[in-house]
Amino acid sequence: MNGSRVLVLNSGSSSVKYQLLDMADGSRLASGIVERIGEGPVADHSAALKQVAEELAGQGLGLDSPALAAVGHRVVHGGTRFTEPTLITDEVVEEIEKLVPLAPLHNPANVTGIKVARALRPDLPQVAVFDTAFHSTMPEEAARYAIDRATADRYGVRRYGFHGTSHAFVSRATAALLGRDVSDVNTIVLHLGNGASASAVRGGVCVDTSMGLTPLEGLVMGTRSGDLDPAAIFHLARVGGLSVDEIDTLLNKRSGLLGLCGDNDMREIGRRMGEGDPEAQLAFDVYIHRLRKYVGAYTAALGRVDAIAFTAGVGENSPAVREAAMRGLPAFGIEVDAVRNAVRGSSARLISTEASRVAVAVVPTDEELEIASQAYELVAA
């Protein structure tokens, strides 16, 4: 393998995000996004990826460069079939398509991006990196739902987890911040963005995570409800007369912070709280209550917690969320330093006090670098 560059593609339903990284030093050579696919000049994903190629060529970083070693594709759902980065073949594409029922909003767009990229550079190794893969190490008692086993197996109903590339990257980066080997560190990772998830990571291996069959389960999110009594769905159908699609839309797009107060941006919620808005305050309190429940649950699951790492948009940028989530937990060995917590920065840093038995950290995630690293290591091997 001569080249050291990896192009990372994240193909969504209406956008394609890209980054070009040089794995010789981890540097980011280019990044961008093509949006509003299907509208105007960007007719489809083929046009979008051709635009990506043109943008890169305009910077002297064209797809025909011999320095390009591989293309790494983010794929949301790998089911039980894909538990590690996988070199893409026709058979792999077919298998990913079979998983569309488990991720109908994401996998179709991921597959489209793969097909177009392979058509543009059929000679180049292309690698699928799955959001669910990092969580495939969960023991059965964590991954299984307590429903009829035959039915669950027939339809693939189990906990898969998502944001896996972020949880993998952050758990390793947290260990590095502490100056310890990842195999010796137990970490609770809190990936808090518009989508949010928590994971319990023992020695670099995931043993539990908050998202489940789909990204709907778990924490309160920007527009998703998170944990909910399943019977609420039956109630909405029988008493409210809502269809399955209407309930799906309600729970995924009109719930969470948005459903509670009309805003899904934590910055705006914070502003409203400062003005004494009771709906914004309630939304924040529900969000924090759920988050603290998972910290407690994963403390019990791990037995020993060495670090808690906040990451993603809210986790990295909201001192108020971090302070509220960690407040009043000295009995757990968790103490946050108010001054350290208030500092803003782009690098990994500790925000716990010197006396805190558990390190509390802010660790910026880098999912693209994680995808590029996994793709490059596979191709190099």
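Modeller: Before we start, one definition: two strands pair if DSSP finds at least two bridges between them. Also keep in mind that this is a predicted model.

Colleague: Okay, strand S5 and S6 then: in which sense do they pair?

Modeller: S5 covers residues 86-87, and two bridges link it to S6. Pairing takes at least two bridges, so this link qualifies. The sense of the S5 and S6 pairing is antiparallel.

Colleague: And which residue in S6 does valine 71 stand opposite?

Modeller: Start with strand S4, residues 68-75, which pairs with S6 over five bridges. That pairing runs in the parallel sense. Follow it to valine 71, and the residue opposite in S6 is glutamine 126.

Colleague: How many residues of strand S6 are buried?

Modeller: Look at both ways the side chains go. Gln126, Ala128 and Phe130 point one way, Val127 and Val129 point the other way, and all are buried. Strand S6, residues 126-130, is mostly covered, and its buried count is five of five.

Colleague: Phenylalanine 82 and phenylalanine 130 have rings that pair up. Is that pair stacked or edge-to-face?

Modeller: The structure holds two aromatic pairs. In the one you picked, the ring centres are 4.7 Å apart and the planes meet at 5°. Planes under 30 degrees apart count as stacked. Because 5° is under that cut-off, the pair of phenylalanine 82 and phenylalanine 130 is stacked.

Colleague: How many residues apart in sequence are the parts that this pair ties together?

Modeller: Phenylalanine 82 sits in the loop between S4 and S5, while phenylalanine 130 belongs to strand S6. Both are buried, phenylalanine 82 at 1% relative accessibility and phenylalanine 130 at 2%. In sequence, the parts they tie together are apart by 48 residues.

Colleague: What about tyrosine 294 and tyrosine 298: what is the angle between the planes?

Modeller: These two are four residues apart in helix H11, which means about one helical turn separates them. Tyrosine 294 counts as buried at 13% relative accessibility, and tyrosine 298 does too at 2%. Their rings lie 5.7 Å centre to centre and form an edge-to-face pair, with an angle between the planes of 75°.

Colleague: Last one: which helix gives the most to the lining of the second largest pocket?

Modeller: This pocket has a volume of about 410 Å³ and is lined by 19 residues, with Asp265, Met266 and Arg267 among those nearest its centre. By class, the lining has eight nonpolar, eight polar and three charged residues. Helices H10, H11, H12 and H13 each supply at least two residues. With four residues, the helix that gives the most is H10.

Notes. Residues numbered from 1 in each chain as written. Predicted model: local features only at pLDDT ≥ 70, side-chain atom pairs only at ≥ 80, totals over all residues. Heavy atoms only, no water. Buried < 20%, exposed > 50% of the residue type's maximum accessible area, 1.4 Å probe, protein only. 1 Å grid on protein atoms, 1.4 Å probe; cavity = no way out; pocket = protein on both sides within 12 Å on 5 of 7 lines; lining within 4 Å. Points joined across faces, edges and corners; volume = space filled by probe spheres on them. Nonpolar A, V, L, I, M, F, W, Y, C, P; charged D, E, K, R; others polar. Phe/Tyr/Trp six-rings, centres within 6.5 Å; stacked < 30°, edge-to-face > 60°.
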